[in-house]
Amino acid sequence: MHPDRRPLIAGNWKMNGSQAMTRALIGDIVAAHDGQPIDADVAVMPPFPYLLAARDALGESAIRLGAQDLSAEAPGAHTG
């Protein structure tokens with residue numbers, strides 16, 4: 001790995017979940033990550049409709065917020 005680059009650990013949940021699930025999941029991730037040294041950037045990338053819930057759940061956490069697009073498909077492992 002290039003010495004100026006940090007690894008990125010990112011998770012998304014495709015077209016699954018809800019705002020409540022997003023808040024709960026990110027709350028658990030923040031609690032597990034908070035104060036734990038890690039030599040990587042960490043990000044969550046929820047579906048577009050849950051971005052505001054995710055942002056609020058992240059608060060002042062060092063975990064980054066990304067996004068994914070949508071699919072016209074029913075809930076499942078789809079993105080646009």
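1. Let's start with a term you will need: a salt bridge is a side-chain nitrogen of Lys or Arg within 4 Å of a carboxyl oxygen of Asp or Glu. With that in hand, look at Asp-39, which forms a salt bridge with Arg-6; their closest N and O atoms are 3.5 Å apart. Asp-39 sits in the loop between H1 and strand S2 (41-45), while Arg-6 is in the segment before strand S1 (8-12), so this pair ties together parts that are 33 residues apart in sequence. Helices (H or I, at least four residues) and strands (E, at least two) are DSSP runs, numbered from the N terminus.

2. A word on what you are looking at: this is a predicted model, where local features need pLDDT of at least 70 and side-chain atom pairs count only at pLDDT 80 or more, while totals for chains, interfaces and linings use all residues. Residues are numbered from 1 along each chain as its sequence is written, and side-chain values use heavy atoms, with hydrogens and water left out.

3. Now follow Arg-6 to another partner. Asp-41 also forms a salt bridge with Arg-6, with the closest N and O atoms 3.1 Å apart. Asp-41 belongs to strand S2 and Arg-6 to the segment before S1, so the two tie together parts 35 residues apart in sequence.

4. Asp-41 has a salt bridge with Arg-64 as well, at 3.7 Å between the closest N and O atoms. Here strand S2, holding Asp-41, is linked to strand S3 (residues 64-65), holding Arg-64, across 23 residues. Put together, Arg-6, Asp-39, Asp-41 and Arg-64 are linked in a network of salt bridges.

5. Are these residues buried or exposed? Buried means under 20% relative accessible area, exposed over 50%, and partly exposed in between (1.4 Å probe, protein chains only). Asp-39 is exposed at 61%, Arg-6 is partly exposed at 44%, and Arg-64 is partly exposed at 49%.

6. Leaving out residues up to four places away in sequence, His-33 touches Ile-38, Val-42 and Ile-63, where contact means heavy atoms within 4.5 Å.

7. Finally, the largest nonpolar core has nine residues, among them Trp-13, Val-42, Leu-58 and Ile-63. Such a core is a set of buried Ala, Val, Leu, Ile, Met, Phe, Trp, Tyr and Cys residues joined through side-chain atoms within 4.5 Å. H1, S2 and helix H2 (51-58) each supply at least two of its residues.
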